[in-house]
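This briefing is meant to be read beside the sequence and the model. It begins with the protein as a whole and then turns to selected helices and strands.

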Amino acid sequence: MLLIIVFVPSLTFTPLLASGMFQLSSQWRAEKAQMDLATKTVGAPAADLFFSLDRERRLTAETQADPGGSAPGKLAKQRAVTDQAVNAFGPLTALDTGKGPEGLTEAIARTARSLSLLDEQRRAVDAGWASAQKAFDYYSGVLESDLRVLTALSHTDEGLVNSKSQTLVDLFWVVDMIGREDAVLARGWKSGRLTRAEYDLVTNAVGTRKHLLQSQVIPNLTGDETRYESLMTGKAWAAMNALEERLAPSGNNQVTVHGDSAEWRSSVDAVSAQVVELLRLRLDNVSKIGYDHADMLFVIFISITSVGLLALGLVIFTSWRLTSILRRRILHLRHDAQELQERLPKVVARLERGEDVDVDAEVHMLEPTPDELGELGQALNLASRSAVFTAVRQAEQHRGFQRMLQRIARRTQILIGLQLKKLDELERRHEDPEVLEGLFDLDHLTARLRRYEENLVILGGGQPQRRWRKPVHLLNVLRAAQGEVQDYRRISIDVEGGSWVTERAVGPLVHVLAELMENATTFSKPQTPVEVRAAPVSRGVAVEIEDRGLGMEPEEYAAANALMKSPPQLDVMTHADDVRLGLYVVARLAASLGLQVELRSSAFGGTRVIVLIPEALVVDRPRTVPEEAPPAPAPEATAPQPRPRKEPVTPPEDGQLPTRSKGRAMAYVTAPSGIPDRDDAPSSSDRPPLPQRVRQASLVTELKVAADRDEQAEQETWALRDQPGRSSATIGAFQRQSRRRRTGDDAFQPGTDGSPEPGSPTTEDR
C-alpha cells in the first residue's frame, strides 16, 4: 500500500510533465512548420507568382492598346518569367499542409485551377479574341486567389506574428491596387480616353490604395520601417496623384486622359518600388519574429524537460526513501496488530463457551513511540482493550439474560404442566359434553401457552423438551400442530401417502408447523381458509401451508428466506418489538433438524410456505398398535370414583372417530393413521355423538398429553434443581418417583402413534 504512495505522485507527475512537454514540443513544431510554409515552402513561390502576374497583367493591357509598339516584346519576356513562377507554384498542390493554417490547402487549389487557364487566356489575347476587360478580369482573379494564399499564410499560432502579417497582406493589396490602376490606364494613354466603367475601376483602386496605406500600413510601421512613413508625401507619390487628378469625365460617357504616359510610368514605378521595399522589409521582420518565438519555445521545452525530469527523479527518490522508513515501522505495527487480531477471536470463542476471561492478561499492549505512529499504537491499545472488555461484558449479560429467560420459562412450564394435569383429571371426572367442551377449550389454550413458553426457551438458547420414542404418522403430526393454533377450525389438512416422521423430529416439527399455521391464520382474514397439504417428493416430504392474506413485499420474502437459511444469534432485547419472532423460532428449529423452509407469494395474494422434510427424517411404517391397551389404574382417594368399565379401550376402526370411555380422557385414545377430518364421522354405538369441538380436540391432543407428562416431570426436576440445598441424591429419588408414577396409572402405551414410552428421558444431555 505504501508503494502506491510512491508511485501515485510519480505516475501523476509524469503524465503532467509529459503533457506539458508534448504541448511545448507540438507548439514549437507547429510554429516552425508555419514559418517555413510562410517564408520558404509556400510564401516565396506565391509572392514570386504574384509579382509576375501583376507585371504580365500590365504588359498585356499595353499590348492590347498598342499592338505595334514595344509592349509585345516585353510581354513575351515577362511570360517566360511568369512560367517559371507558375512551375514553382505547381508542386504546392501536392504538398502536405496539414500542419499549416486553416484554408491554405483550399486557396492553393483554387489558384492552381485558375493558372490552368493561363495558356488559353494568352492565346486568346494573341489572336485578338479576348477583350481588354476580359483579360483584365482573368489576371485580377488569379491575383486575388494568390492573395488568399498569402492571407492564409499570415494566420499562425503566434499572436504577434498574426498582427505583423496583417500589415504585410495589406501591402500586397496596395501593390495589387497600383497594378490594377496601371493596367486600366494603359488602355487610355494611346487613345486619350477611358470608358466610364474603366474610370470607375481606376477610382476604386485609387481609393482602396489610399485607405490601406493611411489606415492599415503607415500607422503600424515600427522600427526601421518608420522611414517609409513619408511614402505618401514623396515626389513620386505627388506626381502620380497629379496625373490621377487630370482624369476628367465628360458628358458622353467618356473620360479624357490628360498627361504624359512616360511621366506616369516613372512615378508609378518609383512608388511601386518603395512599396515593394517596405513589403520585403516587413516580411523579413515578420519572419524574424516568428522564428525567434519558435526558438524561444524550443528553449523553454528543453529547460522544462530537464527541470521536470530532475524533479521527477527527486520526487521518486525522496518518496521511496520516506516510504521505506514508514514501511518498516508500519510492518512492525501491523505484526503486533495481527497478533492482537488472532487473539481476539479466541477470546470471543472462549466467552461463547462460557469461560472466564481476564482482560489484562489477554490484551497485549503495544510499545508507544513519540510520533504519529506511536499515537496510533496507543489508540490500538485502547481499542483492543475496549473491544475485549465490551465483549466480556456483553457475553456475561447475554448469558445472564438467557439463563434468566430459560429459568422463567421453565418455571412457567411447571405451572403449565400442573394445569394440564389438573385439566386431565377434570376431563376424566366429567362426562357432560358441555363441560368437556369447556375443558377442552382450556386444554387447547394451555397447549398454546406451552408453545409460547417453548418459544422463550428456544430464543434463550435452549431446545424444546418434548420427546418421542416411536415414529409418528405425518397426519397426526399435522393435527397436533393444528391443535396448538388458536383459530384451528380454519385449517384444512390434506395428506397424500402414509409418511411417518422419525421420533427425534416429532416435537420440533410440531412446533415449526404450529408456528407457521398460526402465522397463516393471524395474517389473513378470519373468513378465509388456510390450506395445509403434504405429499412425498423426491427428496423427502413437502408440507405446504397457504393462506389468503395480504402477503408480504418481495424484499420481505427475500429477508425471511435468508433468515431461514442462516438463522443469526438472536438478541432478544433488540428484537423485542418484532411481530414475527416466531420466524426466528422456526429458523432455529429448522436449522437443527435440517428442514428447508421457503416463503413465497401465493396465487391467492397471501403467503405460501413450503417445508421440506428431508429423507433422513422420514421412516417406514413401524409395527402395528397392540389391540388392547392396559386398563387404567384406580384413581386417587381424593378424586371422585368413576364408574367401573370391564371392556378395555380399543382403537377405532378406519373411518370412525375415537370414542370416550367412562373414566378415561379423550386425549388418551389413540387416533389411527389416515382418519378423516369429517364432521359427520360416526361415533361409538353405545355413546351419543360428542359436539364437533370435543371431537376435534380429541384428535389434536392425542399426541401431546403423554409428552406433557414427561415434560412436567422434567420441569419439576428443573424446579427442584433451582431450589437451594437440594442434593443430587434428593433429585435422583424425585426422578425415580416420577418415573414410577408415569409408568403407573398415567402411562401411555407406545404404539403406532409414536407417543413417548414410559420412563424415557425427556431432556437433552447437559
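The secondary structure of the protein comes to 20 helices and 11 strands, where helices (H or I, at least four residues) and strands (E, at least two) are DSSP runs numbered from the N terminus. This is a predicted model, in which local features need pLDDT of at least 70 and side-chain atom pairs count only at pLDDT 80 or more, while totals for chains, interfaces and linings use all residues. Residues are numbered from 1 along each chain as its sequence is written, and side-chain values use heavy atoms, with hydrogens and water left out.

**Overall burial and contacts**

- Of the 766 residues of the protein, 46% count as buried, a term that means under 20% relative accessible area, with exposed meaning over 50% and partly exposed in between (1.4 Å probe, protein chains only).
- The protein exposes about 38800 Å², and carbon and sulfur atoms supply 55% of that area, as computed by the Shrake-Rupley method with a 1.4 Å probe.
- Among contacts (heavy atoms within 4.5 Å) between residues at least 6 apart in sequence, 75% join residues at least 24 apart.

- In helix 9 (residues 235-245), the buried residues are Ala236, Trp237, Met240, Asn241, Leu243 and Glu244. They lie on the same side of helix 9 because they cover an arc of only 160° around the axis, the arc being that of the directions from the helix axis to the C-beta atoms.
- The face of helix 9 turned away from this buried side carries Lys235 and Glu245, which are exposed.
- Gln121 belongs to helix 5 (residues 118-127), and it counts as buried because its relative accessibility is 8%.
- Leaving aside residues up to four places away in sequence, Gln121 touches Ala130, Lys134, Ala135 and Tyr138.

**Strand pairing**

- Strands of a sheet pair through backbone hydrogen bonds, either parallel or antiparallel; here two strands pair if DSSP finds at least two bridges between them.
- Strand 5 (residues 491-495) and strand 7 (residues 530-537) run parallel and are joined by five bridges, and Val495 has Ala534 in strand 7 as its bridge partner.
- Strand 7 also runs antiparallel to strand 8 (residues 540-546), with seven bridges between them; a hairpin joins the two through two residues, and Arg533 stands opposite Glu544 in strand 8.
- An open sheet of three strands has the order 4-6-11 with antiparallel pairing, and its edge strands, strand 4 (472-473) and strand 11 (618-619), each pair on one side only.
- Two bridges link strand 4 with strand 6 (residues 500-501) in the antiparallel sense, and Val472 stands opposite Val501 in strand 6.
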